Amino acid sequence: MIKVLGHKAPDTDSTGSPVIWAWYLSEVRKEPAVAVLQGEPNTEAAWMLSKWDIAKPQIISDLVPGEKCVIVDTNNPAELPASINEAEVIEIIDHHLLAGGIKTRLPINITIRPLACTATIMHDLIGDEDLARAPRAIKGAMLTCILSDTLEFRSPTTTPHDRFVAEKLAKDLGISIPQFAAEMFAAKSDVSAFSEEALLRMDSKEYELGGKQLRVSVLETTSPKVVLDRKAALMAAMPAVAAADGADEVLLFVVDILKEEATLLIPNDFVKTVAEKSFNATVSGDTVVLPGIMSRKKQIIPALSI
């Protein structure tokens, strides 16, 4: 059985894309496959599973040496199981920059395209003929992933093709994108049940900057005040989270989906320096607002400097 998996701290795309591709492998290619996750899905991803009546994939901690797998929505070994290079990777489908470090036993299929969402790439790889016989749940997951990764087309990562595919799927499903996206973002914004530690890890990536290991976390919400009201507790939790995760610092960006801006928490002088040098910002308190900043992949990670 082929395991299809995305990155750690699974968001909507890294939850939905394994489901989509496992369906395609099993039902179209006739290669038995199953979607798996590396951790609990975030609130929006959990909402997607419930909305489309999709069983939550099994959560795994590692792969068995020699086990066949497909990697989606990442190609970074730091975001994959510890034994990834001992497993048999047979395919990679992704929309992030090429990180390097994955070793394979044989030549494999690799598809990395500059689109906003892995599910958009999967739509093209599957093709209209096979997608026409896909269950509503698969099409629904695909639409949810695209709207999530594009923030309903607000993100600068959005391409005309992402929008075209999303609108095509929505029409097929008889769904109003604005209404559906509002439901999605409400689910994404409901973080009241999560601890500060969980929020700092909910949607995060590892990144090295100037010899320091960073955990770059993003919380996308339509209710930023709910998160920012907890800023003192969040900043107090950062040192322990960093230590436990082998990082030097945690950077938390709270993205206001509707205002199209991010607020970066400033717990210390290092993060203040990063904010001022990376975003040409003036920092005078424990937060700084960064107008127009929406995308970690396109606007945050590439800009980071000290």
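The model is predicted, with local features needing pLDDT of at least 70 and side-chain atom pairs pLDDT 80 or more, while totals for chains, interfaces and linings use all residues. Residues are numbered from 1 along each chain as its sequence is written, and side-chain values use heavy atoms, without hydrogens and water.

A pocket here is an open set of points on a 1 Å grid over the protein atoms alone, where a 1.4 Å probe fits and protein lies on both sides within 12 Å along at least five of seven lines; lining residues have an atom within 4 Å of a point.

The volume of the second largest pocket is about 180 Å³. Strand E1 (2–8) and E7 each give two or more residues to its lining, and E7 gives the most, with 3 residues. By type, this lining holds 2 nonpolar, 2 polar and 7 charged residues (nonpolar are Ala, Val, Leu, Ile, Met, Phe, Trp, Tyr, Cys and Pro; charged are Asp, Glu, Lys and Arg; the others, Gly among them, are polar).

The largest pocket has a volume of about 670 Å³. Of its 33 lining residues, His96, Lys205, Arg296, Lys297 and Ile301 are the closest to the centre. Two or more residues each come from helix H5 (136–150), strand E7 (204–209), strand E8 (212–221) and helix H12 (296–300). The largest share of this lining, 3 residues, belongs to E7. The lining of the largest pocket divides into 9 nonpolar, 12 polar and 12 charged residues.

Terms used. Grid points are joined across faces, edges and corners, and a volume is the space filled by probe spheres set on the points. Helices (H or I, at least four residues) and strands (E, at least two) are DSSP runs, numbered from the N terminus.
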